[in-house]
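This briefing covers selected local features of one protein model. The points are grouped by topic.

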Amino acid sequence: KIFLVLILLGSFIGEAHAAKRYWVAAAPGNWNTTANWSATSGGGGGSSVPGSSDSVYFDSGGNFKCTIDAAVNVKRFEMTNTFTDTVSQGANTITIGTSGGIFSGGVFLGGSSNITLTGAFTISGCAFTSTSATFSTSANFTISSGSFTHNSGILTLTATSTFTVSNTGGTTFYNLTFAPTAANATFTITSTTAITVSNKLSYSGTRTITLNTGNIHVTGNISTAGNTVTGSGGSGTLTIDGTGSQTITGNSSGGTSGLPNVTIKKSSGTLSLNSTITVA
């Protein structure tokens with residue numbers, strides 16, 4: 001009984017430290033300034049800068065640009081549909097916890113450092129430009145409206161999740177990497193508009209990778225050389241339909257990671273096949 005009481009007490013203490021933080025700057029300002037944060041929407045500034053247990057909100061209570069001038073580590077990051085200005089990442093890392101990233105309004109300008117999520121990521125109205133470094137997520141990835149600009153960066157999916165694109169015109173990713181870390185992973189493609197990978201689609205790590213259901217158009221290269229496990233596959237489809245030269249590279253040093261269904265549909269250019277390639 002004492003042990004259970006201690007667990008509950010620890011939980012209550014953790015909840016007590018968690019807080020909501022609202023951007024309330026009265027002019028363009030910096031993230032790492034207490035005057036720009038409030039405990040309530042549109043409230044008075046002076047609250048602490050958001051920390052790892054806190055949920056962050058940008059809404060109409062502070063419709064001015066936020067420049068991130070320090071490393072960010074928060075539990076939740078939300079740009080609501082009433083926020084109409086800009087959040088700029090710059091050269092600072094952003095880590096978002098289990099409550100995820102929700103981008104429904106305004107403009108997000110990714111910079112040159114990593115963005116990492118352990119919760120779900122959703123774009124539903126925001127004009128989102130990713131980082132030129134690595135954007136990684138271990139939960140569902142959804143674009144329902146708004147836009148995603150790849151910024152020549154890497155999108156890495158690291159755990160079983162659903163990958164959904166349904167915004168008008170579809171979305172193009174520069175580098176898309178499937179890289180399960182803790183366990184074998186299944187990625188379910190449920191998109192209603194086109195997902196396109198323009199530079200490289202990669203498999204990496206030591207876990208199996210299963211792509212189910214949907215279709216990914218690849219106009220660049222495909223490589224499974226970084227994935228050393230035998231298995232993978234899935235009911236999804238990779239459609240190779242670039243107009244220039246493309247290459248599929250398998251693994252020559254162990255492991256036969258299997259691609260799902262493959263459709264070659266090139267109107268021009270050459271497709272080269274390198275090393276051992278397995279189609280499951």
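Predicted model: local features only at pLDDT ≥ 70, side-chain atom pairs only at ≥ 80, totals over all residues.

Is Cys66 buried or exposed? Cys66 has a relative accessibility of 0%, so this residue counts as buried.

**Cysteines**
- The structure holds zero disulfides.
- Cys66 takes part in no disulfide, and the nearest cysteine sulfur, which belongs to Cys126, is 13 Å away.
- Cys126 is likewise in no disulfide, its nearest cysteine sulfur being that of Cys66 at 13 Å.
- Cys126 counts as buried because its relative accessibility is 0%, and buried means under 20%.

- Strand 24 spans residues 246–249.
- Gln246 and Ile248 form the covered face of strand 24, while Thr247 and Thr249 form the uncovered one.
- In a regular strand, side chains alternate between the two faces of the sheet.
- Strand 21 (residues 221–227) pairs with strand 24 in the parallel sense over two bridges, and Ser223 stands opposite Thr249 there.
- Strand 27 (residues 271–274) also pairs with strand 24 in the parallel sense, over four bridges.
- In strand 27, Asn274 is the residue opposite Thr249.

**Ser232**
- Ser232 is located in strand 22 (residues 231–232).
- With a relative accessible area of 19%, Ser232 is buried, because the cut-off for buried is under 20%.
- A polar atom of the Ser232 side chain lies 2.7 Å from the backbone nitrogen of Ile209.
- Beyond its neighbours within four places in sequence, Ser232 is in contact with Thr208, Ile209, Thr210, Asn227, Ser257, Gly258 and Ala280.

Key: Residues numbered from 1 in each chain as written. Heavy atoms only, no water. Buried < 20%, exposed > 50% of the residue type's maximum accessible area, 1.4 Å probe, protein only. Pairing = 2+ DSSP bridges. Polar contact = N/O pair within 3.5 Å; in protein donor to acceptor, adjacent residues only side chain to side chain. Contact = heavy atoms within 4.5 Å. Disulfide = S-S within 2.5 Å.
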